[in-house]
Amino acid sequence: MNLFNYQQKVAMMRILLDIIQADGRIDAREIFYFNQLKDMFEMYDNSRNDVDEKNSLMALAQIKMFDKEQKEFFAELMANMIVVDEDIDANEVMIYDIVREFAGIKKEFDRTV
């Protein structure tokens with residue numbers, strides 16, 4: 001798998017933030033997982049501004065250009081974010097499906113809590 005550049009990381013984090021906010025409830029487990037990913041991607045505190053300012057549609061367009069392995073990796077991150085709070089919300093799954101369809105990700109959401 002190709003490594004992700006900074007803009008790709010910001011794009012992924014933008015979509016993950018959209019998933020967090022999709023159900024109208026921000027759970028501490030979602031924030032904890034988001035921060036774990038931020039650390040894993042070696043993104044620093046000032047990068048949160050870049051994520052907040054990133055347009056979701058632009059993020060989606062960037063994700064569409066990922067290679068197959070990058071898309072599969074990101075699909076796993078999205079699925080993890082959906083289930084981390086032990087509440088699978090229809091709006092969160094809808095975002096997953098929109099990203100999947102537009103970006104050409106083959107893996108359907110198939111998790112249970």
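This is a predicted model: local features need pLDDT of at least 70, side-chain atom pairs count only at pLDDT 80 or more; totals for chains, interfaces and linings use all residues.

Student: Where is Asp23 found, and what makes Asp23 count as buried?

Tutor: Asp23 is found in the loop between α1 and α2; helices are DSSP runs (H or I, at least four residues), numbered from the N terminus. Buried means under 20% relative accessible area, exposed over 50%, and partly exposed in between (1.4 Å probe, protein chains only). Asp23 has 11% relative accessibility, and therefore counts as buried.

Student: How is Ile88 classed on that scale, and why?

Tutor: Ile88 has 31% relative accessibility, so Ile88 counts as partly exposed. The place of Ile88 is in the loop between α5 and α6.

Student: What makes the approach of Asp23 to the backbone nitrogen of Arg25 a polar contact?

Tutor: A polar contact is a pair of N or O atoms within 3.5 Å; within protein, one must be able to donate a hydrogen and the other to accept it, and residues adjacent in sequence count only if both atoms are side-chain atoms. The side chain of Asp23 reaches that nitrogen at 2.9 Å.

Student: How do you know that the buried residues of α2 line one face of the helix?

Tutor: The buried residues of α2 are Glu30, Tyr33, Phe34, Leu37 and Lys38. Seen down the helix axis, they fall within an arc of 145°, and so they line one face; the arc is that of the directions from the helix axis to the C-beta atoms. On the other side of α2, Ala28, Phe32 and Asp39 are exposed. The buried residues pack against α1, α3 (47-53), α5 and α6.

Student: Why is the pair of Phe4 and Phe41 called edge-to-face?

Tutor: Rings of Phe, Tyr and Trp (its six-membered ring) pair if their centres lie within 6.5 Å; planes under 30 degrees apart count as stacked, over 60 as edge-to-face and the rest as tilted. The ring centres of Phe4 and Phe41 are 6.2 Å apart and the planes lie at 70°, so the pair is edge-to-face. Phe4 lies in the segment before α1 and Phe41 in the loop between α2 and α3, so the pair ties together parts that are 37 residues apart in sequence.

Student: Why does the pair of Tyr96 and Phe109 receive the name edge-to-face?

Tutor: Their ring centres are 5.6 Å apart and their planes are at 65°, so this pair is edge-to-face. Tyr96 is buried, with a relative accessible area of 1%, and Phe109 is buried at 17%.

Student: What makes a set of residues a nonpolar core, and which members of the largest one touch the most others?

Tutor: Such a core is a set of buried Ala, Val, Leu, Ile, Met, Phe, Trp, Tyr and Cys residues joined through side-chain atoms within 4.5 Å. The largest has 35 residues, of which Leu16, Phe74, Met78 and Val99 touch the most other members. α1 gives the most to this core, with nine residues.

Conventions: Residues are numbered from 1 along each chain as its sequence is written. Side-chain values use heavy atoms; hydrogens and water are left out. Helices (H or I, at least four residues) and strands (E, at least two) are DSSP runs, numbered from the N terminus. Contact means heavy atoms within 4.5 Å.
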